[in-house]
Amino acid sequence: MIPELRSSFNQRFTGEAYARLLANLENRCGSPILFRVAETPIFLSKSQLDDMAELGAALALDVIADANYLAAARRAIPQGFDVANETAHPHFVTADFAWVRSDSGELVPKLVEIQAFPSVFAYQAELCTAYREVFDLPQSLGVLLGGLSQKSYWDLLRRTVLGSHSPENVVLTEVDPLQQKTFPDFHVTSQRLGIPLVDIASLEPIGNKLHYRDAAGRLTPVHRIYNRAIADELIARNIRLPFDISYPWEVEWAGHPNWYFLISKFSIPWLARTERFAVVPPAVFVDDFLAGPGRDFLSAAGVTLPARDTGDTVYADLLLKPLFSFAGKGIEFEPSRARLEAIAPEERSTYLVQQRMRFEPTIDTPFGLTQAEIRIMYMWPDGGVLTPAISLVRLGRGKMMGVDHNKNQEWVGGSAAFYI
């Protein structure tokens, strides 16, 4: 996006430097990186990132303040996953944006997804440092948002995760964390904050408290959980926890599980009807679409739809998305009328159809122009404010931007944004 920096990086790039990048990351993160790391960061103006950060915060704060929305979203929480002691606000928010061409030809950001769930805050900071060191990027290029410095970034993460508790009583929980692709982030978080990494299925309930066993096998009470376990994985793998997650345990959550559902793809059809948020693509729930009013809304919003609906009608301008999935799982392009009708009536409210966005290729690489999806990552500590902290970038040339969807390609994958 900044031609001079882009050209200079491409000219100086070597395969040997990329190998050093991966080795640098492995050393920093305590393990190999099992997802694809892009050969390059991207270079933007600070105003571009600030604009996206402002948009994402406005969207999140809008739904948090909407009692009707929250009541509807809460009804969509799967049975058994409505957790007690819900916090007044999420501790973490992410907002993903794509660049698309407007009708006037202007390059504009469009919301891909918004989610109140932790992202790879520790890993992403290390990735930015690795890019800077290996490729000798100028110190004048920034990566942190919200006016944060390196020190205040880690301080903010520490406050958001720990709250007022000692590190030994705060755990980072995940399903089988040592086998997750995000283990590098878990490892850095554990090292930086001094908190143990614990399989959520190993927590032990005693009375009204949860406990974990430390490295010596001692039973230690848990006062706060930095939760990284995704509900849809627990459901899909039929994992039975040794405790009732919905019970009002004497524990705090840094990233309360309910917010994973309350700010999610469920919010997009609601935000799409808010006229001041042109950044949100038109979207409706599948039951609303099949009943007629949702179809009328999409058509009025400029979505191209076939004149007639029959079983073999294909909606080339739509995506079908399950509400509570992660990393692009379950998304279908160009669904047919028959596919939508095949969804059980009682499940149609858990899917949405959304206008398909054509990502504009903007990043010049040796393999041609590449698309970028930019995630703004926010922290919101107890007693603090929603703060944009850092961005994460996915580069890709396929239909979808996730690193799992761009295998066997080069100059794609997880990346970072440097600004000037």
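How do the residues of the lining of the largest cavity divide into nonpolar, polar and charged? The tour comes back to this after two other stops.

Before selecting anything, note that this is a predicted model, in which local features need pLDDT of at least 70 and side-chain atom pairs count only at pLDDT 80 or more, while totals for chains, interfaces and linings use all residues. Residues are numbered from 1 along each chain as its sequence is written, and side-chain values use heavy atoms, with hydrogens and water left out.

**Stop one: a helix pair.** Select residues 121-134, helix α5, together with residues 150-162, helix α6, which pack at an angle of about 170° with their axes 11 Å apart; helices here are DSSP runs of H or I with at least four residues, and strands are runs of E with at least two. Axes are lines fitted to C-alpha atoms, for helices over the stretch in contact, and angles run from 0 to 180 degrees between N-to-C directions. The angle makes α5 roughly antiparallel to α6, a term for angles over 145 degrees. Now show the side chains of F121, A122, A125 and E126 in α5, which meet Y153, W154 and L157 in α6, where contact means heavy atoms within 4.5 Å.

**Stop two: a four-stranded sheet.** Move on to the open sheet whose four strands have the order β11-β14-β12-β13, with antiparallel pairing; two strands pair if DSSP finds at least two bridges between them. At the edges stand β11 (283-285) and β13 (332-333), each with a single partner strand, so one side of each is left without a neighbour in the sheet.

Finally, select N227, A229, A231, P257 and Y260, which, of the 15 residues that line the largest cavity, are the closest to its centre. On a 1 Å grid over the protein atoms alone, a cavity is a set of points where a 1.4 Å probe fits but cannot get out, and lining residues have an atom within 4 Å of a point. Helix α9 (257-262) and helix α8 (231-236) each supply at least two residues of this lining, and α9 gives the most, with three residues. To answer the opening question, the lining divides into 12 nonpolar, three polar and no charged residues, where Ala, Val, Leu, Ile, Met, Phe, Trp, Tyr, Cys and Pro count as nonpolar, Asp, Glu, Lys and Arg as charged, and the others, Gly among them, as polar.

Terms used
Parallel < 35°, antiparallel > 145°, perpendicular 65-115°, else oblique. 1 Å grid on protein atoms, 1.4 Å probe; cavity = no way out; pocket = protein on both sides within 12 Å on 5 of 7 lines; lining within 4 Å.
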